[in-house]
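Student: I'm new to this one and don't want the whole tour. Please pick a single part, take a close look at it, and tell me how it sits among its surroundings.

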Amino acid sequence: MSAKKPTALKLLQGTYDKSRAVENEPVYDAPATTEAPEHFDGLALLKWNELAPLLTKTGVLTKTDLHNLEAFCLAYQQFRLAQRLIDQEGFVVDSAGGVKKNPAVTVSHEAQRNMLSFGAALGLDPASRTKINGKPEQKKANPFDKKK
C-alpha cells in the first residue's frame with residue numbers, strides 16, 4: 001500500500017474526492033520569504049533564486065517543503081561542478097594502479113538521482129508537473145471593463 005497523498009497535492013493534481021478526505025489534516029503556509037539559505041553560494045544560489053519565487057507563486061512550495069528545494073539546489077550545484085571536472089579531466093583518470101573511472105562521474109550520477117528525487121517532489125520534471133496544476137494566477141481587473 002502506498003503512502004496517502006496530502007489533500008493539497010490532490011487538489012493541485014485534480015484528484016481530490018471529498019468523500020475520501022482526511023479529517024484534521026495539517027495545512028502548511030507558504031514560506032514567509034523566498035530568501036536562500038545563508039550557506040548557499042554559486043550555482044545553488046542561482047538555482048534557488050530561479051525556482052523559489054516560481055514555486056511559491058504557484059502554491060507548490062510551503063514551509064515544510066523548503067528542505068526539498070534546498071536539497072535539489074545543492075544536488076544541482078554538485079552535478080554541474082562534477083560535470084565541469086569531467087569536461088576537464090575526462091571519464092577516466094590516471095591513478096597509482098593505472099587508469100580508473102573519474103570519481104566525478106560517480107558524483108555526477110548521484111547528484112542526478114538526487115535532483116530527480118527532490119525535483120519530482122516539487123513538480124520540476126515533466127511527468128511530475130502533469131500531476132501538479134498549481135493555483136491559477138489571479139487576473140487583474142481591467143478598470144475599463146463595464147459591469148452590467
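Tutor: Asn114 is partly exposed, with a relative accessible area of 35%; buried would mean under 20%, exposed over 50%, and partly exposed is what lies in between (1.4 Å probe, protein chains only). Before we go on, a word on what you're looking at: this is a predicted model, with local features needing pLDDT of at least 70, side-chain atom pairs counting only at pLDDT 80 or more, and totals for chains, interfaces and linings using all residues. Residues are numbered from 1 along each chain as its sequence is written, and side-chain values use heavy atoms, leaving out hydrogens and water.

Asn114 belongs to helix α4. Helices (H or I, at least four residues) and strands (E, at least two) are DSSP runs, numbered from the N terminus. Setting aside neighbours within four places in sequence, Asn114 is in contact with Ala75 and Gly119, where contact means heavy atoms within 4.5 Å. Tyr76 is 38 residues away from Asn114 in sequence, yet their C-alpha atoms are 8.6 Å apart in space.

That brings us to α3. Two packed helices are described by the angle between their axes and the distance between the axes. The axes of α3 and α4 come within 8 Å and cross at roughly 155 degrees; these axes are lines fitted to C-alpha atoms over the stretch in contact, and angles run from 0 to 180 degrees between N-to-C directions. So α3 is roughly antiparallel to α4. The cut-offs go like this: under 35 degrees is roughly parallel, over 145 roughly antiparallel, 65 to 115 roughly perpendicular, and the rest oblique. The crossing of α3 and α4 is left-handed, which is the label used when the near helix is turned anticlockwise from the far one by less than a right angle, with clockwise being right-handed. Among the residues making the contact are Phe72, Ala75 and Phe79 of α3, and Ser108, Met115 and Phe118 of α4. By class, this contact has 15 nonpolar, 7 polar and no charged residues. Here Ala, Val, Leu, Ile, Met, Phe, Trp, Tyr, Cys and Pro count as nonpolar, Asp, Glu, Lys and Arg as charged, and the others, Gly among them, as polar.

Now for the other partner. Helix α2 (residues 42–57) packs against α3 (residues 66–89) at about 140 degrees, with the axes 8 Å apart, so these two are oblique to each other. Their crossing is right-handed. Residues of α2 including Trp48 and Leu55 meet residues of α3 including Leu69 and Cys73. Sorted by class, the α2–α3 contact has 13 nonpolar, 2 polar and 4 charged residues.

Of its 17 residues, Phe40, Trp48, Leu55, Leu69 and Cys73 touch the most other members. The elements giving two or more residues to this core are α2 and α3, and α2 gives the most, with 6. Cys73 itself touches Phe40, Ala44, Lys47 and Trp48, not counting residues up to four places away in sequence.

Terms used. A nonpolar core is a set of buried Ala, Val, Leu, Ile, Met, Phe, Trp, Tyr and Cys residues joined through side-chain atoms within 4.5 Å.
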